[in-house]
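Open the model in your viewer and keep the selection panel at hand. The stops below tell you what to pick next and what is there.

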Protein chains: 2
Amino acid sequence: MAIFISGVAGFIGGNLAAELLGRGERVLGFDNLSLGRIENLRPLRRQARFAFERVDLAEAGPYLTALRRFHRRHRITEVWHLAANSDIPAGLADAGIDLRNTFLTTFNTLETMKALAIPVIAFASSSAIYGDLKGALLTESTGPLFPISNYGAMKLASEAAVTAAAESHLERAFIFRFPNVIGAPATHGVILDFVRKLRATPRRLAVLGDGSQRKAYLHVDDLIGAMLHIRRRSRERISCFNIAGQDRGATVRFIAEAVVAALSPGAAIAYGRGGKGWVGDVPRFNYSTGKLQALGWRPRLGSREAIRRAIRQIIVQETGKNP
Amino acid sequence: MAIFISGVAGFIGGNLAAELLGRGERVLGFDNLSLGRIENLRPLRRQARFAFERVDLAEAGPYLTALRRFHRRHRITEVWHLAANSDIPAGLADAGIDLRNTFLTTFNTLETMKALAIPVIAFASSSAIYGDLKGALLTESTGPLFPISNYGAMKLASEAAVTAAAESHLERAFIFRFPNVIGAPATHGVILDFVRKLRATPRRLAVLGDGSQRKAYLHVDDLIGAMLHIRRRSRERISCFNIAGQDRGATVRFIAEAVVAALSPGAAIAYGRGGKGWVGDVPRFNYSTGKLQALGWRPRLGSREAIRRAIRQIIVQETGKNP
């Protein structure tokens, strides 16, 4: 028996694989390595119970062939579908990228599961499906769902395909609406961006927007804890959960100051204007995690602690040195 | 200046084109003629202000080329995107049909509009995006949205792509969540199904399910009236409206009896079991049209009158004779 992870070479995929292997599971992972990195998998590939193949999940035929080959040897009992385009600006410039790498990967995953009769999916959705609801409380049943980025649109499209598949051929589906997840190995995101900018120009950090934008951040260790908690405890056939930290979050200003303090103390921070950083970014965000709390889960790190830990990890990742 | 209709040879597309031409608009229509029928367009093609091309909207390149060619002569100011796979059982058997004909047609329409800077879309969505919410009142902001058919999933996916496009390059978007629409020329649906069955076996009509399933039905004339009312009156940048009749609806039993009475009086009706007709069908359905009523619109026909009118029209369509 085995668990399959799509997008295993990405930030969350690699961490999830390590956790599942640590719990004694057999894990198969695919990745097209467009954003995920093979180096992320080096520690995993030493383990006998881990297998990896480079497969482009947007190509239905090769995907089915590769998964069937493994499935015949070790029956796959569930799929953790994490593969997606996580480069949101790239999707803004070319909607075809999100179509292919975020949505068609989901569609093909579901078709492959149907063909191989794999009964359970856990899908990494996103808080971006909610769009900009002007500060309204976002629970799992809030509507309307008018995403404002192609990324959010293709995540909502994927959720829809998952729920239709749950009606037709799946036994159970888990939909995790991810928050801003931070940690290492980072491939994108505001902390990595700030660290790289500050290494290039150590005396000055330029920030998009006025720095007032506040979001809750969750460390990847807590994210994986939450998903596995839901997987184990939820009894709904379609288990849809917002996952996030449970504090007021932290501002971009806090992150900028923490990165400067850790990497280049005394550097000037130059803010832009307005509350939005880029098209598709949602300035006010009131994300309910009441359902997850009611299931008995609490994060170990608050937003600020998560940010500080992630900054340390990303500085190590980028510089090879502890800050 | 012109209005573009995708899926113009379909049931609703042909009726919409006729209405817009009657109001003095110039209309361009595309259809791949997979479900739409060229004969439906015969009365329209006599009009100088109507143009038609056979184009498969799932093919991005030919779509853009064909629309650009027309757009250079007559500037297209808005798009009414109706093209979709309306054959729901076909989509159940092969999810790729809904992917291609319902979702990719929308994706390509939005990309084409971006390339040609066409600012306004009116999109035919569906009540199927709501899935089975166990009788809960379905308003435009009800959630969660867990569609239970591939058709509903690809309509929700399309809505998501529309709202993301509204954030990035459209001026305005209209999302019409269609009810069960009836009338002629019918290409699918329960009335056509019953008429055809009864012509094949005039003494006996077999019905899926126990006949107790109740739905509100809207005649296509009222549907088009509602859409044009919303187009004219709504001021929201994303104008999303449930459209439906405003009565308690009618049961499958009522439809079966009315078809028998009109076409083959005295025929026996044989019911199946259970409240659901097929996978993806939603037995209890409480569809709010409060938002549309507040905008000042009322249907001219109730569900039962709409059914009776549609039965007469479909019998003429199928037999060439008035019942």
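Select A:K134. This residue is exposed because it has 9 C-beta neighbours inside 10 Å. A:K134 sits in the loop between β5 and β6 of chain A. Helices (H or I, at least four residues) and strands (E, at least two) are DSSP runs, numbered from the N terminus. Check the backbone of A:K134: its phi is near 55°, a positive value in a residue other than glycine. Most residues other than glycine have a negative phi, and most peptide bonds are trans.

You are looking at a predicted model, in which local features need pLDDT of at least 70, side-chain atom pairs count only at pLDDT 80 or more, and totals for chains, interfaces and linings use all residues. Residues are numbered from 1 along each chain as its sequence is written, while chains are lettered from A and ligands numbered from 1 in the order in which they are written.

**Colour by confidence**

Colour chain A by pLDDT, the predictor's confidence in each residue, from 0 to 100. The mean for chain A is 93, and 97% of its residues reach 70 or more. Where pLDDT is low, the predicted coordinates should not be read in detail. For the complex, the predictor gives an ipTM of 0.91 and a pTM of 0.92.

Go to A:A117. Its phi is positive too, about 55°, and it is not a glycine. Find it in the loop between α5 (95-116) and β5 (120-126) of chain A. Is A:A117 buried or exposed? A:A117 is exposed, with 12 other C-beta atoms within 10 Å.

Next, select A:G143 and A:P144. The peptide bond from A:G143 to A:P144 is cis, with omega near -5°. A:P144 belongs to the loop between β6 (137-138) and α6 (150-168) of chain A.

Then pick A:A184 and A:P185. They are joined by a cis peptide bond, with omega about 0°. Look for A:P185 in the loop between β8 (180-182) and α7 (190-200) of chain A.

**A buried loop residue**

Jump to A:A9, in the loop between β1 (2-6) and α1 of chain A. A:A9 counts as buried because it has 27 C-beta neighbours inside 10 Å. Show its contacts: two residues are in contact if their C-beta atoms, placed from the backbone, lie within 7 Å. Leaving aside neighbours within four places in sequence, the partners of A:A9 include A:G14, A:D31, A:L33 and A:R37.

**All of chain A**

Zoom out to chain A. It has 11 helices and 15 strands. Its radius of gyration (taken over C-alpha atoms) is 19 Å, close to the 20 Å of the globule rule (2.2 Å times the number of residues to the power 0.38) for 323 residues, so chain A is as compact as a globular protein of that length. Along the principal axes, its C-alpha atoms fill a box of roughly 60 × 45 × 40 Å. Of its 323 residues, 52% count as buried.

**Two domains**

Colour chain A by domain, with bounds from an automatic or database domain assignment. Domain 1 is 2-178, and domain 2 is 183-216 + 248-283 + 301-319. Their C-alpha centres lie 27 Å apart. Where they touch, domain 1 of chain A gives 14 residues and domain 2 of chain A gives eight. On the domain 1 side, α1 (11-22) and α4 (88-93) of chain A each supply at least two residues. The largest share of that side, three residues, comes from α4(A).

**Between the chains**

Show both chains. Here 31 residues of chain B are in contact with 31 residues of chain A. Which helix of chain B gives the largest share of its side? It is α6(B), with 11 residues. α5 (95-116) and β12 (238-242) of chain B are among the elements that each supply at least two.

**Last stop: the core**

Select A:F176, A:I191, B:F176 and B:I191. Of the 210 residues in the largest nonpolar core, these touch the most other members. Such a core is a set of buried Ala, Val, Leu, Ile, Met, Phe, Trp, Tyr and Cys residues joined through C-beta atoms within 7 Å. Finish on B:I191: leaving aside neighbours within four places in sequence, its contacts include B:I182, B:I255, B:V259 and B:I314.

Conventions:
Buried ≥ 20, exposed ≤ 12 C-beta atoms within 10 Å, placed from the backbone.
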